[in-house]
Amino acid sequence: MVTGEVVGRETELAVLAEFLAAAEAWPRTLVLEGEAGAGKTTLWQTAIEDARVEFRVLATRPLETEAKLAFAGVGDLLDGVHDTFGGLQEPQAQALRAALLLESPAAGSVDERAVALGFLGVLRLLATEQPVLIAVDDLQWLDLPSARVLAFAGSRLGEVRAGFLIALRAEERWRLAFAPERILPACTQLPIGGLTFDAIHQLLRARLGLVLSRPALRLVHETAAGNPFFALELARAAAAKPTAHLPGETLHVPLTVRELVGARVAEQPVETRRALLTVAALADPRLDLVSAAIAGDAAATLDPAVVAEIVSVVGSRIRFTHPLLAAAAYEAAVPGERRKIHAALATLLGDREEQVRHLALATDGPDANVAAALDEAAALARARGAP
Ligand SMILES: Nc1ncnc2c1ncn2[C@@H]1O[C@H](COP(=O)(O)OP(=O)(O)OP(=O)(O)O)[C@@H](O)[C@H]1O
Ligand SMILES: [Mg+2]
């Protein structure tokens, strides 16, 4: 994500600061909930950066494509604390190692209950040293086994000084494996609504170097209903067509976020769009994999998209600057093109579960081979704890 200074949000930042300051009274939960692009991740990230000073932060930001990979979330949360496994009962440590693909499951399948107990055990151990902040962005995309582990641990913390900082998309609540306010301890909900007129003004100036006339700014603010992502996209589009923001005029740009980001992706060269589609299709997109899938140089092909701030490349890892852009890149492709990319990825990937997902997405009708492979993957995933 491209970040900068947080503008506005004085009330929300105060609630976050208060949540962190009350660690003595943990376990507690704070849920940031709002529509796509409202600014949840921005606040969530700011809070966890502040929290790192005094707390042990376990964080995960699942991608939509990851929702099917068993224990991906638990793996992220426990990244960097594997040394605590030694303090657990051996069966729990074993189950955790198996869930994180560090070793094969002892009895042929991962014991999800042992994973959950192990996870709770890790929280207890860590919390004896410093309060633990468990931070989950986009809870609606957390893989199901991880969600169950979180729910199990969350409802059995007792006096453990652990806090949950959750962000979730309001319109995708239906995807949740559990309602955080029902399961997690002492839950406070913090709705993330629109930014004020002044905050939108500051945002456009800081991020795009744009100073719009007051009427144009009012139009952007009203059209976006204060949604920062929507406002940034509207202003980008307006800036690209200078006549579109003459005072008093309506903006001659598409008026939904979907159309706006779709148009931004559509402006990319055809090869770049194909590379973007590949990136959007992957759970963990890396340059070498994308190069192999597109039979070209991914870094060079993606360069125009980096310039347009659609993706960023850090080391070999590629990330969309926003999940809404990933969705747009995926949706922009025609189904035949998507199937081709999934077919290419299915042959390239080592992870059997992910491989089979691509194989399934590479076909458009019932296929005996795929059905058999899916059965196999389902058995594999069950063995690792999926339902
Ligand atoms: N208070 C803020 N100050 C500065 N920039 C902001 C602020 N809020 C949001 N933004 C910017 O607006 C865009 C959308 O914000 P963000 O990614 O946090 O939204 P979100 O609610 O997490 O969206 P999604 O549900 O799609 O994940 C980002 O580019 C972010 O940097
Ligand atoms: Mg977000």
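Let's start with a pairing: strand 1 and strand 4, residues 162–169, run in the parallel sense over seven bridges. Before I go on, please keep in mind that this is a predicted model.

Thr 29 stands opposite Phe 164 in strand 4, and Leu 32 stands opposite Ala 167 in strand 4. Strand 1 has another partner as well: with strand 5, residues 187–191, it pairs in the parallel sense over five bridges. Here Thr 29 turns up again, opposite Cys 187 in strand 5.

Is Arg 169 buried or exposed? With 8% relative accessibility it falls under the 20% cut-off, and therefore Arg 169 counts as buried. Apart from neighbours within four places in sequence, Arg 169 is in contact with Gly 34, Ala 36, Lys 40, Gln 140, Trp 141, Pro 323 and Leu 324.

At 3% relative accessibility, Glu 233 counts as buried. Setting aside neighbours within four places in sequence, its contacts are Leu 260, Val 261 and Arg 264.

On to the helices. Helix 6, residues 144–154, is mostly covered, with nine of its eleven residues buried. Among them are Pro 145, Val 149, Leu 150 and Phe 152. What do the buried residues of helix 6 pack against? They pack against helix 3 at 72–77, helix 5, strand 3 at 132–136, strand 4 and helix 7 at 180–183.

Helix 4, residues 90–99, has buried residues too: Gln 92, Ala 93, Ala 95, Leu 96, Ala 98 and Ala 99. Those buried residues pack against helix 5, at 112–127. Just after helix 4 comes Leu 101, with a positive phi of about 60°.

Next, a pair of helices. Two packed helices are described by the angle between their axes and the distance between the axes. For helix 12, residues 270–281, and helix 14, residues 298–307, the angle is about 90° and the axes are 8 Å apart. Helix 12 and helix 14 are therefore roughly perpendicular to each other. On the helix 12 side, the contact is made by Glu 271, Thr 272, Ala 275, Leu 276 and Val 279, which meet Thr 301, Leu 302, Pro 304 and Ala 305 in helix 14. The residues of this contact divide into six nonpolar, two polar and one charged.

Now for a few backbone spots to look up. Most residues other than glycine have a negative phi, and most peptide bonds are trans. A cis peptide bond joins Trp 26 and Pro 27, with omega at about 10°. Pro 27 sits in the loop between helix 1, at 10–21, and strand 1.

Ala 186 is in the loop between helix 7 and strand 5, and its phi is positive, near 35°. At 48% relative accessibility, Ala 186 counts as partly exposed. Ala 225 has a positive phi of about 50° and is found in the loop between helix 9, at 214–223, and helix 10. Ala 225 is exposed, with a relative accessible area of 57%.

Finally, the chain as a whole. The protein chain has 18 helices and seven strands. Of its 387 residues, 50% are buried. Among contacts with a separation of 6 or more, 71% are between residues 24 or more positions apart. The accessible surface comes to about 17400 Å², and 54% of it belongs to carbon and sulfur atoms.

Methods: Residues are numbered from 1 along each chain as its sequence is written. Chains are lettered from A and ligands numbered from 1 in the order in which they are written. This is a predicted model: local features need pLDDT of at least 70, side-chain atom pairs count only at pLDDT 80 or more; totals for chains, interfaces and linings use all residues. Side-chain values use heavy atoms; hydrogens and water are left out. Axes are lines fitted to C-alpha atoms, for helices over the stretch in contact, and angles run from 0 to 180 degrees between N-to-C directions. Helices (H or I, at least four residues) and strands (E, at least two) are DSSP runs, numbered from the N terminus. Angles under 35 degrees count as roughly parallel, over 145 as roughly antiparallel, 65 to 115 as roughly perpendicular and the rest as oblique. Contact means heavy atoms within 4.5 Å. Ala, Val, Leu, Ile, Met, Phe, Trp, Tyr, Cys and Pro count as nonpolar, Asp, Glu, Lys and Arg as charged, and the others, Gly among them, as polar. Buried means under 20% relative accessible area, exposed over 50%, partly exposed in between (1.4 Å probe, protein chains only). Accessible areas come from the Shrake-Rupley method with a 1.4 Å probe; for residues, only the protein chains shown count as cover. Two strands pair if DSSP finds at least two bridges between them.
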